[in-house]
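These are my notebook entries on one structure. I looked up a few features and wrote each one down with its cut-offs.

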Amino acid sequence: MPRRLLLVGWDSADWQIIRPLLDAGKLPTVQWLVEGGCSGNLTTVEPQLSPMLWTTIATGKMAYDHGVAGFTEVDPASGRVVPVSWATRRCKTVWEMLGERDYRSHVVGWFATQGEQDLAGCMVSDGYCHLPRVRPDQDPADWPPPPAGTYWPPELAGELDALRVSPYEVDPEAIVRLFVPEAPAIDQTNDRRLWQLVRLLAEAFSVHAAATHLMERDPDWNFAAIYERAVDEVSHLFMPYHPPQMEGVSDDDFRLYRGVVEGIYRLHDLFLQRLVELAGPDAMVMLVSDHGFRSDHRRPQFVPNVPAGITVWHRPQGVFAIRGPGIRAGELVHGARLPDVTPTILHAFGLPVGGDMEGRVLEEVFVRRVPVARVPTWEPPGGIHRPRLPVDKADEQSLLEHFATLGYVELPNTDPARAADDTRRENDWNLARAYLDRGRFLDALPLLERCSHERPGRTDFAQILAACQQALGLLEEAEASAERALAALGPSDQARLLRASVAAQRGDHRKAIEIIDSLTASLPNDPELWLMMAQSAVAVRRWETAEAAARQALAIDPHDPRPYLALARQQLFQGNPEAAAEAALESIGLNFGNPHAHYLLGAALAQAGRGEEATVPLQNCLAIEPRFLRALRLLSRIHRRLGRHSEATLCEERYAAVLTVARRAGTAQSQAAIRAASAARRLSFGDPLLPGQPEHAGTVATAEVEPPSAQEFVIVSGLPRSGTSLMMQILQAGGIALETDGKRAADDDNPEGYQEWEAIKRLPVEPDVIEQAAGKAVKVVAPLLPKLSARHRYKVIFMTRPIEEIVRSQLTMLSRQGKPPPAAPEHVARMQEEHRDCVLAFARSCPQIDLLEVSYPDLVTDPGPVIDSLTAFLPKLFMPGPAVAACIKPALRRHWSNHGHEAHFQADRMDEDSPPMASP
């Protein structure tokens with residue numbers, strides 16, 4: 001346990017810039033940190049906005065939990081747009097947790113700390129370093145004081161006010177020429193870049209002065225958190241001039257300003273040296289950045305004209321380095337993420353990690369492995385409510401102007417109501433992307449819908465909304481959203497790329513590849529294009545195309561973890577498990593938090609016959625995503641093969657429990673319910689509904705009054721190849737007439753016939769078509785059940801069958817017809833299983849539906865109880881007898897699920913991510 005820990009944050013610091021400087025010996029303090037400790041990438045989270053990210057670093061939680069959703073917010077008392085403050089935070093920071101255990105902290109410059117109170121230690125907020133309205137000849141004693149709430153305790157003002165540095169105090173010869181040697185030759189009347197640099201340097205010196213003063217004046221501290229933002233701000237202004245020379249940058253500008261970015265890193269190395277000296281030899285030192293910054297050929301040529309558009313300069317990989325007592329020396333850290341910082345600090349102090357934190361303890365950095373202690377939460381019952389301090393309007397305006405100058409926000413509209421609406425909308429947009437980053441599509445959807453409604457011209461709103469709707473299965477809505485974005489983009493390459501994305505999302509990967517092929521000449525350096533090509537090529541099993549596209553994406557951006565995932569899948573399918581494992585490891589190293597990468601590594605090791613090793617990444621996958629069913633299934637099979645039957649049983653029990661929870665949740669979150677809620681929101685916004693969509697969301701579940709003409713229909717439903725044709729035959733043999741048209745003749749796949757009625761396919765646009773089947777039983781495929789007319793009642797017999805049997809039967813049928821599979825079998829199985837569960841949840845909750853679920857395996861192997869249930873379900877309609885029994889022919893049931901372990905391993909040959917495993 002350290003006596004003290006120093007956490008230093010450099011906003012936007014990037015190893016791509018740091019490493020060449022280390023090689024040249026220009027960053028000796030960082031070199032000391034790296035060589036004597038552990039270091040590696042620190043992967044960011046979305047969206048890449050500093051207040052959100054640094055609060056995640058300080059809490060271990062995402063923005064939807066910690067409450068900081070941008071640079072500004074709407075003050076609930078005044079309705080004004082104000083900078084975020086400590087009152088914005090809804091959860092505890094690491095320094096507050098440490099304070100509860102009697103550790104003292106110094107916090108300097110951190111976002112969302114303005115107004116902080118009752119800290120066990122000292123605090124200087126992020127409002128400290130701004131010095132607006134200062135004249136060149138003004139005495140420091142006459143400078144305007146910083147905003148109220150800048151200090152804790154407030155008495156610090158008497159010591160620290162005068163330590164702020166004015167831009168006029170930055171010596172042109174001794175300081176400025178270190179960054180711009182030819183500064184005297186610049187015409188500053190027309191070129192204000194030198195003044196901007198001087199202003200940012202003054203702020204950097206101010207933060208450093210406050211930090212060193214506190215550490216010297218009050219050395220009895222255990223934790224210090226020093227945030228320095230100048231690396232980010234200087235990079236945004238001067239990275240275009242950093243070597244190598246960018247296209248479009250003049251020779252003169254390149255010559256003048258090429259050394260500024262290097263200079264800011266070297267200055268901060270000197271800052272770090274002094275902080276380390278003050279911390280002492282027994283301190284643990286941690287250096288982090290919230291994201292990286294593009295400095296190579298991927299520097300953007302333009303910035304999107306939207307709030308925070310300058311984040312296109314950010315790279316997802318930031319900096320992590322740690323050194324000190326108990327820390328391993330000279331080792332690399334793989335897979336660290338922003339939310340891991342707070343858990344690691346707590347663990348270093350011997351304190352428990354909150355179970356509600358998103359991150360993990362980076363146990364690998366410690367010499368001695370100590371079990372991680374855990375508590376459910378550090379938060380108090382009822383949540384946190386912090387008092388807000390009134391802030392002077394001039395101070396607010398100064399900070400807002402600063403953020404606007406940097407391009408992170410727009411200045412508030414002069415109309416206060418409009419300004420508040422704009423701020424709320426942008427914060428909703430930010431929170432929605434945070435939800436999407438964690439795969440929480442249902443939480444993101446209403447936020448995105450509102451944003452897109454209020455700003456229909458924002459193509460970024462429409463595109464992300466379309467992707468979210470697609471992920472939730474709202475295909476018509478997704479297409480409408482994508483069309484709005486396409487209309488705004490016009491006939492451009494970006495519009496065509498969006499069309500390719502829409503095609504891929506809809507499963508039409510061949511169409512996506514066709515569009516992408518037409519774009520490779522005009523967008524050869526767009527990594528998203530090549531990534532999309534790789535993913536679509538994997539889906540249609542064009543292995544060579546997939547590998548070439550993934551490698552092209554990596555050539556453009558070798559630090560993107562996603563192409564490695566495409567490579568891992570491609571290599572697995574081609575039977576190259578070692579290459580697949582290598583690709584999966586590369587992806588994990590760049591983003592430890594993606595459970596799919598760990599799953600693919602486990603699948604690759606299992607395929608290579610390294611079953612014992614495969615258990616580790618599979619357990620990592622489940623630690624990140626406990627509901628990852630494929631990982632549970634594969635892990636249980638590995639345990640069985642290795643003779644560890646108790647472990648296998650635990651996995652199987654977890655698998656069953658996850659399925660049960662998912663099915664229960666499906667009742668509230670079925671696709672029909674999601675669509676209904678979405679439609680209701682659109683109506684409240686005043687948006688028109690989609691063509692063909694009934695006024696009240698179009699689902700049976702929304703009907704409240706049954707009209708006099710209501711009828712009752714007998715329906716057989718289920719996924720294709722789940723036994724629906726057999727059930728139709730049984731009903732006919734039991735005396736119930738069928739509505740069929742004979743258009744689909746019997747064949748080798750269904751020798752007894754399909755018993756289908758073509759007209760029922762018109763149900764989504766013609767709900768009353770069902771009335772033509774009055775008095776008869778009709779087959780309605782599962783996806784059409786939510787489209788049934790709300791005017792009637794339905795006796796629905798829903799056929800269930802193991803998903804692996806259904807998929808094998810479907811693929812066999814396609815093979816006989818000479819058709820390729822629509823996607824990889826594992827993907828098909830997963831999507832169909834999820835769809836079946838959603839439809840069943842809808843049917844169980846719908847008051848117009850009386851549901852009987854029938855297991856096809858039970859029907860074939862032991863028909864008696866099933867026939868009895870049919871008789872009770874359809875009284876006076878269904879009459880059992882010899883004709884019914886004659887319909888059941890077990891020999892026609894192919895593709896049986898063999899529950900022996902060898903059969904499960906063979907079934908994995910069809911999995912998208914689980915090719916065959918060799919024996920361990």
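I count two residues as in contact when heavy atoms lie within 4.5 Å. The model is predicted, so I noted that local features need pLDDT of at least 70 and side-chain atom pairs pLDDT 80 or more, while totals for chains, interfaces and linings use all residues. Residues are numbered from 1 along each chain as its sequence is written, and side-chain values use heavy atoms, with hydrogens and water left out.

Entry one: cores.
I looked up Ile18 and set aside its neighbours within four places in sequence; Ile18 then contacts Ala13, Leu27, Val30, Tyr265 and Val319. Next I looked for nonpolar cores, meaning sets of buried Ala, Val, Leu, Ile, Met, Phe, Trp, Tyr and Cys residues joined through side-chain atoms within 4.5 Å. Buried means under 20% relative accessible area, exposed over 50%, and partly exposed in between, with a 1.4 Å probe and protein chains only. The largest core holds 72 residues, and Leu6, Ile18, Val30, Val180, Ile264 and Tyr265 have the most contacts inside it. Helix H8 gives the largest share of this core, 12 residues. I also found a second, separate core of 69 residues, with Ala63, Phe71, Met97 and Tyr435 among them. In soluble globular proteins, nonpolar side chains tend to be buried together.

Helices (H or I, at least four residues) and strands (E, at least two) are DSSP runs, numbered from the N terminus. How many residues of helix H3 are buried? I found that 10 of the 10 are, so helix H3, residues 50-59, is largely enclosed by the rest of the structure. Just after H3, Gly60 has a positive phi of about 75 degrees.

Rings of Phe, Tyr and Trp (its six-membered ring) pair if their centres lie within 6.5 Å; planes under 30 degrees apart are stacked, over 60 edge-to-face, and the rest tilted. My search of the whole structure gave 19 aromatic pairs. One of them, Tyr168 with Trp195, is tilted, at 5.4 Å centre to centre and 40 degrees between the planes. Tyr168 is in the loop between helices H6 and H7 and Trp195 is in helix H8, so the pair ties together parts 27 residues apart in sequence. Tyr168 is partly exposed at 40% relative accessible area, and Trp195 is partly exposed at 26%. I also noted a cluster in which ring pairs link Trp54, Phe71, Trp95, Trp110, Phe111 and Tyr227.
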